[in-house]
Structure formats: C-alpha cells, structure tokens
Amino acid sequence: MSRLIVISNRVAVPAGARTPGGLAVGLYDALRDSGGTWLGWNGEIGEGPGDMPLSSVTRDNITYATFPLAQRDYDRFYRGFSNTVLWPAFHYRPDLLRYRRADYDGYLEVNRDFARRLAPVLRPDDVIWVHDYHLLPLGQYCRDLGVRNRIGFFLHIPFPAAPVFETIPPHRDLARAMCAYDVAGFQTHADAQAFSDYCATNLGAVAAPEGLRVNERVLRVDTYPIGIDVDEVAAMARKKGSRQLVALKSELARRKLIISVDRLDYSKGLLERFAAFEHLLEIEPDHGRDVSFVQLAPSSRADVQGYREIRRELDRAAGRINGKWGELGWAPLRYINRQYNRATLMPLLGASQVGLVTPLRDGMNLVAKEYVASQPQDDPGVLVLSRFAGAAHDMQDGALIVNPYDIEGMAHALNMALRMPLAERQERHQRLMRILRERDLAAWKNRFLGDLRAGG
Ligand code: ADQ
C-alpha cells in the first residue's frame with residue numbers, strides 16, 4: 001500500500017508508551033497500517049526569525065515531523081487569519097471577524113512553508129491527507145512545486161453558505177486554491193453543498209460524473225461525517241475509581257446530573273445553555289435540588305479577541321445562577337475551566353443522566369457521540385442536541401433535537417430528558433448506538449482514504 005502523509009496544524013506525538021485518544025486514534029491507525037509521516041506544528045513558539053528546525057521521531061512505523069512556529073507566524077497565521085477570520089466566518093459569526101492583510105500574508109507564507117517542507121520528502125506514490133481550515137491553500141502550493149501525488153483535504157468545521165463565506169475578503173482565492181485537491185471532504189451534506197454552490201457561482205465549476213470540474217481539474221466533493229471509536233469510549237467509561245467521580249459519588253446518589261463538555265468557545269452556545277438551565281429551574285422548581293448541571297469548559301485561544309469577552313460573560317452568568325438558586329449545601333451549576341483527561345471525562349459522561357450538547361454551530365461535535373457511547377445499556381441517559389451541530393444529521397433519530405436560540409424549548413427538552421421512562425431511553429440509545437457503530441472513526445478514515453486512493 002502506498003505511504004500516507006498526514007498534515008495538520010497541530011501534531012499529537014504520543015508521549016512515551018501512551019497511545020493517543022479521540023480523533024488522533026483514527027489518524028494514528030491509518031498511518032500505522034500503511035506506514036507514513038505526520039507533519040505539522042509542535043505547539044511551541046520558536047525563538048527569532050528564520051527557518052524553524054524540523055524534528056523527527058519515529059514510533060510504530062510512523063514518523064512525526066514537527067516544528068515550532070516563529071512568534072510572527074503564530075500571530076499572523078494562527079491567532080490572526082486562522083482564528084480571527086476563518087474560524088468566526090465559518091461558524092457564521094462574521095461580526096467577530098477582524099481581517100488584516102498582514103495576517104493573510106502570514107497565513108499564505110506558513111502554508112507555503114508547509115509545502116516547501118513536504119515536497120522534498122515525497123515519493124511518487126505517497127498519498128497526502130491535509131486537515132482543516134489552517135491549511136486551505138496547502139494543496140495549491142504543493143501543485144506549484146510540481147507535486148502530482150493524490151492530495152485530499154478534510155474540513156473539520158462547517159463550510160458556510162456563500163453570503164457568509166464572501167465576508168472573508170480573499171474568499172475567491174481561498175476557494176480556488178481548495179480546488180487543487182483531488183478530494184475535498186466535509187462533515188455534512190450541507191457543508192459540501194455550500195462549497196459546491198459557491199464554486200459553481202463564482203469559479204464556473206460544473207458538475208461532472210467524477211466530481212466538480214473547475215478549469216481542467218476534477219475535484220471530488222463529498223461528505224465524510226467523522227465518528228468515534230465506540231468500544232474505546234465504552235471501555236473507558238466503565239472504568240471505575242476516577243478520583244473526580246469518587247468526589248461526586250454522594251452527589252450522584254441524591255441528584256440527577258446534566259453534563260456539558262466543550263472547549264470554551266463562542267460557537268458552543270454556553271450562554272444560551274446556562275439560560276436554558278436557569279429557565280428549567282424557574283418552570284420546574286420541583287427539580288430544584290434534584291438536579292445538578294456540570295459544565296466543563298477549559299479556556300482555549302485565550303489570546304484571541306472574542307474569547308476573553310465570552311469568558312467574562314460566562315463567569316457572570318454562572319455567578320448569578322448559583323447566587324440566585326444555590327443553597328448552603330447545593331450549587332445547581334458547577335462551571336469548571338479545568339482540562340480533564342479522557343480517562344476522567346468518559347466515566348463522568350457515563351454517570352450523567354443528560355448530555356447537553358447545544359452549539360450554535362459545530363462541524364460535527366464528538367462529545368455528543370462520546371456521551372452516547374459512554375452510557376450504560378441497562379440505564380442509559382438522554383442526549384439533548386443542537387440542530388446546528390453536524391452530529392444532528394446522524395443522531396436525530398435518538399437524540400432530543402433542540403434549537404439553541406430557543407431558551408424555553410431547550411428547558412422543555414431538558415425536562416423531558418430528565419423524566420423520560422427507561423424503555424424509551426433504551427430504545428433511543430440502541431438506535432443511536434447502531435448509527436455510531438456504522439459510522440465510526442474507522443469507517444470515516446477508510447472511506448476517505450478509499451476515495452483518495454481510488455482516483456490515483
Ligand atoms: P472541537 O471544536 O474541539 O473539534 P469536539 O468535536 O466537540 O470539538 O471535540 C473534539 C475532542 O475534544 C473530543 O474527543 C472531546 O472529548 C475533546 N474535548 C472537548 N472538550 C473537552 C474538554 N473540556 N476536556 C477534555 N476534552 C475535551 C473540531 C470541530 C468539531 C469536530 C471535531 C472533529 O470544531 O465540530 O467534531 O473537530 O472533527
């Protein structure tokens with residue numbers, strides 16, 4: 001089998017004997033099967049200008065080739081264009097977009113640099129898989145250097161409808177560059193359709209039997225909903241003895257737990273969710289001391305504008321809710337900004353009666369899937385899920401689907417979830433588990449790589 005080269009902004013190098021978790025597992029398996037390289041930023045900021053040194057470690061047939069970013073590149077490429085232009089626009093928040101030409105130049109330079117590092121180490125039959133919005137034009141830069149290998153691209157976040165995409169000043173150049181890939185994969189049909197529609201209207205793309213024809217190239221545009229390793233999550237959730245869970249034991253004996261787990265991000269709808277929980281306390285005072293809501297949200301991208309404000313607003317809302325509804329022995333909302341590892345998180349999800357996943361926009365949202373996989377079959381909890389998470393397309397058959405802008409609607413769904421009879425919970429859980437298994441992480445990676453290799 002041809003060698004695989006994975007390129008993503010951040011690379012998860014396994015530490016010591018520990019194997020990676022989550023998404024990294026799928027990519028790790030794919031790389032180990034065929035042998036290959038994972039290239040990207042090591043998460044550090046290097047000193048001074050000039051080329052940053054590349055370091056390589058090889059483990060289990062996989063070479064991890066990583067490098068630091070210079071401060072200037074971190075500011076323009078990562079903090080600037082990637083996270084203050086692309087992230088907000090792709091999540092339908094053009095009001096938070098702050099465009100500067102210097103940031104865009106930095107974004108292109110770093111993409112060019114990725115291509116320059118990659119091209120010399122390629123063998124003719126290597127297959128290249130590029131990940132996410134930080135690297136939209138990487139394929140085009142590889143082509144400019146004469147790379148003729150198959151190159152696929154997968155977007156983990158939503159692709160917005162044309163009028164929103166067009167708020168990004170260089171939208172046309174970005175979309176044109178994306179057409180240099182052989183396969184462009186999206187989380188949902190709506191995302192793939194939005195990209196195709198934009199290309200048809202603005203770049204003169206036409207539908208061909210093998211995909212989208214743009215000038216003389218043909219690009220396969222398709223939907224590859226990302227999944228999880230269901231057995232890994234279920235096994236982790238069953239492990240007892242996590243210190244955090246032991247601490248919650250007496251609480252769990254007396255109260256039902258609603259849980260939410262996110263990175264602290266304005267796209268995740270935390271404020272609306274807090275308001276819905278507060279509304280539940282208002283309309284169902286009986287629930288009062290029977291329910292606790294745990295929101296885990298470690299701060300992310302704290303140095304990017306927009307993130308400080310949301311954090312401040314959440315602190316205020318959490319304080320207000322506990323101030324108003326709390327009692328000496330009970331705080332209805334536990335809002336925690338610490339990062340927990342998966343070994344702690346999965347049993348916590350498994351012990352919660354409601355998984356509340358209500359982003360305003362999300363490419364997929366793997367926490368929704370992890371919540372379902374963590375549930376005990378004999379007494380499963382209920383997933384309350386936003387219609388604007390990519391996961392809603394896969395999971396509408398078993399989750400309670402809500403609109404995160406409808407605070408009262410979310411409170412009613414929470415109420416329904418907390419009161420749902422066992423037989424209905426089991427039935428919904430079984431339906432969801434069937435879908436999770438059918439569309440798991442291995443299926444995602446096999447189908448994407450199958451399509452990418454097929455056209456070679
Ligand atoms: P994220 O926006 O990071 O990912 P999500 O899919 O929910 O969102 O989470 C990815 C992983 O991070 C999951 O395995 C989850 O358990 C873990 N995680 C999330 N919050 C955590 C927390 N507080 N503590 C510890 N772990 C946490 C992007 C896109 C998503 C898309 C994924 C994968 O924004 O829409 O589902 O990529 O494609």
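Guide: A polar contact here is a pair of N or O atoms within 3.5 Å, and this is a predicted model.

Visitor: With that in mind, how far is an oxygen atom of the ligand from a polar backbone atom of N365?

Guide: The distance between an oxygen atom of the ligand and a polar backbone atom of N365 is 2.9 Å.

Visitor: And which side chains have an N or O atom or a polar atom facing an oxygen or a nitrogen atom of the ligand?

Guide: The side chain of Q187 has an N or O atom 3.1 Å from an oxygen atom of the ligand, while Q339 places a polar side-chain atom 3.4 Å from a nitrogen atom of the ligand.

Visitor: How many residues surround the ligand, and which are the closest?

Guide: The ligand is surrounded by 21 residues, of which H156, D362, M364, L366 and E370 are the closest.

Visitor: Switching to helices, what is the angle between α8 and α13?

Guide: Helices α8 and α13 pack at about 60°, and their axes are 8 Å apart; that angle makes α8 oblique to α13. On the α8 side the contact is made by V230, V233, A234 and A237, and on the α13 side by E370, A373 and S374. By class, the residues of this contact of α8 with α13 are 5 nonpolar, 1 polar and 1 charged.

Visitor: Left-handed or right-handed, that crossing of α8 and α13?

Guide: The crossing in which α8 passes α13 is right-handed.

Visitor: What about α8 and α12, how do they pack?

Guide: Helix α8, residues 230-238, packs with helix α12, residues 342-350, at an angle of about 85°, and the two axes are 7 Å apart. Angles of 65 to 115 degrees count as roughly perpendicular, and α8 and α12 are therefore roughly perpendicular to each other.

Visitor: Which residues meet there?

Guide: From α8 there are E232, V233, M236 and A237, which meet R342, A343, M346 and P347 of α12, and the contact of α8 with α12 divides into 6 nonpolar, no polar and 2 charged residues.

Visitor: Back to α13, then: at what angle does α13 pack with α16?

Guide: Helix α13, residues 366-374, and helix α16, residues 422-438, pack at about 120° with their axes 10 Å apart, and α13 and α16 are therefore oblique to each other. The crossing of α13 and α16 is left-handed.

Visitor: And which residues of α13 and α16 meet?

Guide: K369, V372 and A373 of α13 meet H429, L432, M433 and L436 of α16, and the contact of α13 with α16 has 5 nonpolar residues, 1 polar and 1 charged.

Methods:
Residues numbered from 1 in each chain as written. Predicted model: local features only at pLDDT ≥ 70, side-chain atom pairs only at ≥ 80, totals over all residues. Heavy atoms only, no water. Axes fitted to C-alpha atoms, helices over the stretch in contact; angles between N-to-C directions. Helix = DSSP H or I, 4+ residues; strand = E, 2+ residues; numbered from the N terminus. Parallel < 35°, antiparallel > 145°, perpendicular 65-115°, else oblique. Left-handed = near helix turned anticlockwise from the far one by under 90°. Contact = heavy atoms within 4.5 Å. Nonpolar A, V, L, I, M, F, W, Y, C, P; charged D, E, K, R; others polar. Near = heavy atom within 4 Å. Polar contact = N/O pair within 3.5 Å; in protein donor to acceptor, adjacent residues only side chain to side chain.
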